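Visitor: Please show me the structure, and then we can go through some of its details.

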Amino acid sequence: VATAVDVVPPQGFASAEQPLLLHSMSSVIDDVEKDTLLMDSRERRGWMGFGAGARAVGVLVSVLGVTAVAGAAASHRDLAVDPLSVMGKAASKEAKVTQVMSIPQTAYVLEFPVSSQDTASFTCIRSQGGLIARFRLNDKHLILETPSTEVGMQGSTFWPSPQSVWGWPPPATISGGWEFDGDDGRAAEGGGMYNAEVDEEKQEVLLTSQPSAKLNIVVKKHFSVDEGRKAVVVRYTMELVTGAEPVKFAPWEKTNVAAGAFIFWPNGDSDIRRADDMDHPKKTTLKAKQDDFGGIFTFDHTKDKVHVNGTKIRANSTGTWMAAVQGDTVFVKVFRAVPADQVAPGEGDVAVFARPSFASMESQGAYTEIKEGKPSIYVVCWYARRLPKKATAAKGDEALMKFVSSVADLGCPEA
């Protein structure tokens, strides 16, 4: 039985005297579970008006272990506009994220114990390109849950690689795009909205994108819990649109974390390529430094220089994991190694992208041909753990490296 719960817009966001219009490009209102209590005459696709006292109503539904909850999920690129005004195309491209509105929508939550003391939870939504919206250890946020101030990045998304194929912004149908992407954008019918299926017996969620007319692929995101490993198994599949000519892509997972994260991976002897200022990239190449742990590369967001227009650091590490320490938590991703000659052109198998307000942990799979009956499958395991008391987020810290290596050794299922 569905139970109605109230989701109230942030205090002071709007007033009765000046109702505020927000372009809710990340959500379609009818994504909320249908119920006479939930819908009213204010529904309009893409636009919502709120005044003081107005309440967005959500719904909580239990689906045999997978919780579907429509509640306050922040928008990826919410742009607050002046009262009673409408933001046009040109203004949208120049706009900054100023305020964030909570948009009611259905979310799917997987929750599981990782120890006698700790519980992990993983949340995905249909909108914003099937965004992974939350990953938590107890009440600690392991990924960025609200849009970054510079560009509105949040959560974890998926892109086809190399980027040179689609440029910018990311493919709208697959990753959500922006509101000014036209007929293929997230404000368009079906733009960035995935279909959702729940396996009631296995407690799994499958999100499927709309076909991308530009790239001729459909993306599927399958989320499940591996009780033995105490991890979330994230399986990405790129399938060719029926009747299309074969294409070639690598899978690319981009996970945004809050400012201050300590990010690292086993780099081996791969060169490290750095670019500062995405508007006018200044490129440098660093030689890897070997140590007792196989040449660990580290990025400390609290100490390392980060350009306001973006810093990108990438490598062809042929490694199988990357990790981030935030406070007393450790987030470890485990994936299959990619031979250096199978990395997408101009890309790397691991990378970090950073601006002052956030950083992205990025990994890519093999660059392969996708044709009918031969999809590309990329599997990543997400581990949430408590930082051992003797470990420190610092390069060369033996306790940290041994702990993360022990987690990584738990591995991840094959495709």
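Guide: This is a predicted model. Gln-128 is buried, with a relative accessible area of 2%.

Visitor: What is the phi of Gln-128?
Guide: Most residues other than glycine have a negative phi. Gln-128, a residue of helix 2 (residues 127–130), is not a glycine, yet its phi is positive. The value is near 55°.

Visitor: Is Asp-277 buried or exposed?
Guide: Asp-277 sits in the loop between strand 17 (272–276) and strand 18 (282–286). Its phi is positive, about 75°, although Asp-277 is not a glycine. Buried means under 20% relative accessible area. Asp-277 has 12%, so it counts as buried.

Visitor: Which peptide bond is cis?
Guide: Most peptide bonds are trans. One exception involves Pro-162, found in the loop between strand 10 (156–161) and helix 3 (172–175). With omega near 15°, the cis bond is the one from Ser-161 to Pro-162.

Visitor: Which strand gives the most to the lining of the second largest pocket?
Guide: The second largest pocket holds about 420 Å³ of space. Its lining has 22 residues, and those closest to the centre are Arg-336, Ala-366, Ile-377, Tyr-378 and Ala-415. Two elements give two or more residues each, strand 25 (368–370) and strand 26 (376–386). The one that gives the most, with four residues, is strand 26.

Visitor: How many residues of that lining are nonpolar?
Guide: The lining of the second largest pocket also includes five polar and four charged residues. The nonpolar residues number 13.

Notes:
Residues numbered from 1 in each chain as written. Predicted model: local features only at pLDDT ≥ 70, side-chain atom pairs only at ≥ 80, totals over all residues. Heavy atoms only, no water. Buried < 20%, exposed > 50% of the residue type's maximum accessible area, 1.4 Å probe, protein only. 1 Å grid on protein atoms, 1.4 Å probe; cavity = no way out; pocket = protein on both sides within 12 Å on 5 of 7 lines; lining within 4 Å. Points joined across faces, edges and corners; volume = space filled by probe spheres on them. Nonpolar A, V, L, I, M, F, W, Y, C, P; charged D, E, K, R; others polar.
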